[in-house]
Amino acid sequence: VDAGKSTLSGRLLVECGVVSAQSIGKLKREAAQANKGSFAYAWVLDEDASERARGITVDVARAQLKTQSYDVNLLDTPGHRDFVPEMISGAAQADAALLVTNASPGEFEKGLNAQTREHITLCRSLGVRNALVVVNQMDKVAYSQQAFERLMAELAPVLAAAGFPPASVRYVPCAAFH
């Protein structure tokens, strides 16, 4: 299930100035030539040819960025069920989880029933105490506040059951590609 985790991570690195305009321009051209124009931001971190060909993250990618308050080590871990061991190796190094879920109709439920629930449980069992839940692809639901609130309401008990207290979870609506 593609929630846009790598796209969001790449976009964040571009917006924070970690990736130059020249570099993202080159990735956009390469992605377009491969008929994968929407993958340019994901390719910031998905550098391996097999990841690019398959359109999924296979290994943990690392990047650093600085904000006014924090030095951030970003670990982009695989979301696909075939690469759970790699996801675990990344999550085991994390202080906080950035959980990206898809707001598109039907995609949220598919993700929740596939990997999202498992990733939440694994993160908490590995000692991660805080979570930022990014409800991505909000453009697909016309940035509906009602849709955002529904997804928050569905995720909150899953996060709580895994051991994330409500005060340790924040939710953000997003459209990483736009």
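A word on the model comes before the tour. It is a predicted model, in which local features need pLDDT of at least 70 and side-chain atom pairs count only at pLDDT 80 or more, while totals for chains, interfaces and linings use all residues. Residues are numbered from 1 along each chain as its sequence is written, and side-chain values use heavy atoms, with hydrogens and water left out.

Let us start with helix H1, residues 5–15. Helices (H or I, at least four residues) and strands (E, at least two) are DSSP runs here, numbered from the N terminus. H1 is mostly covered, as eight of its eleven residues are buried. Buried stands for under 20% relative accessible area, exposed for over 50%, and partly exposed for what lies in between, using a 1.4 Å probe and protein chains only. The buried residues of H1 are Ser6, Thr7, Leu8, Ser9, Gly10, Arg11, Leu13 and Val14. What do they pack against? Their partners are helix H2 (21–33) and the strands S1 (61–66), S2 (71–76), S3 (96–102) and S4 (130–136); contact here means heavy atoms within 4.5 Å. After H1 comes glycine 17, which has a positive phi, near 80°.

Leaving aside residues up to four places away in sequence, serine 6 touches Tyr41, Ala42, Asp46, Thr57 and Asp76.

Next come the strands. S1 and S2 run antiparallel and are joined by six bridges; two strands pair if DSSP finds at least two bridges between them. Within this pairing, arginine 62 has leucine 75 in S2 as its bridge partner. The link from S1 to S2 is a hairpin through four residues.

There is also an open sheet of three strands, with the order S3-S4-S5 and parallel pairing. S3 and strand S5 (169–173) stand at the edges, each with a single partner strand, so one side of each is left without a neighbour in the sheet. On average, neighbouring strands of this sheet are turned by 20° against each other, direction ignored. S4 and S5 pair in the parallel sense over five bridges, and valine 135 has proline 173 in S5 as its bridge partner. Helix H6 (residues 145–162) packs on the sheet, where it touches S3, S4 and S5, and its direction makes about 155° with that of S5.

H6 also meets helix H5 (residues 107–125): their axes come within 9 Å and cross at roughly 35°. Axes are lines fitted to C-alpha atoms, for helices over the stretch in contact, and angles run from 0 to 180 degrees between N-to-C directions. The crossing of H5 and H6 is right-handed, a term for the near helix being turned clockwise from the far one by less than a right angle, with left-handed for anticlockwise. Among the H5 residues at this meeting are Phe108, Leu112 and Ile120, and those of H6 include Leu151, Leu155 and Val158.

What about the cysteines? A disulfide is a covalent bond between the sulfur atoms of two cysteines. In this model it is taken as a pair of cysteine sulfur atoms within 2.5 Å, and a search of the whole structure finds zero disulfides. For cysteine 123, the nearest cysteine sulfur is that of cysteine 174, 18 Å away. Cysteine 174 in turn has the sulfur of cysteine 16 as its nearest, 12 Å away. Cysteine 123 is buried, with a relative accessible area of 12%, and cysteine 174 counts as buried at 16%.

The tour ends in the loop between S4 and H6. Most residues other than glycine have a negative phi. Alanine 142 in this loop has a positive phi, near 55°, and counts as exposed because its relative accessibility is 64%. Tyrosine 143, also in the loop between S4 and H6, has a positive phi near 55° and is exposed, with a relative accessible area of 52%.
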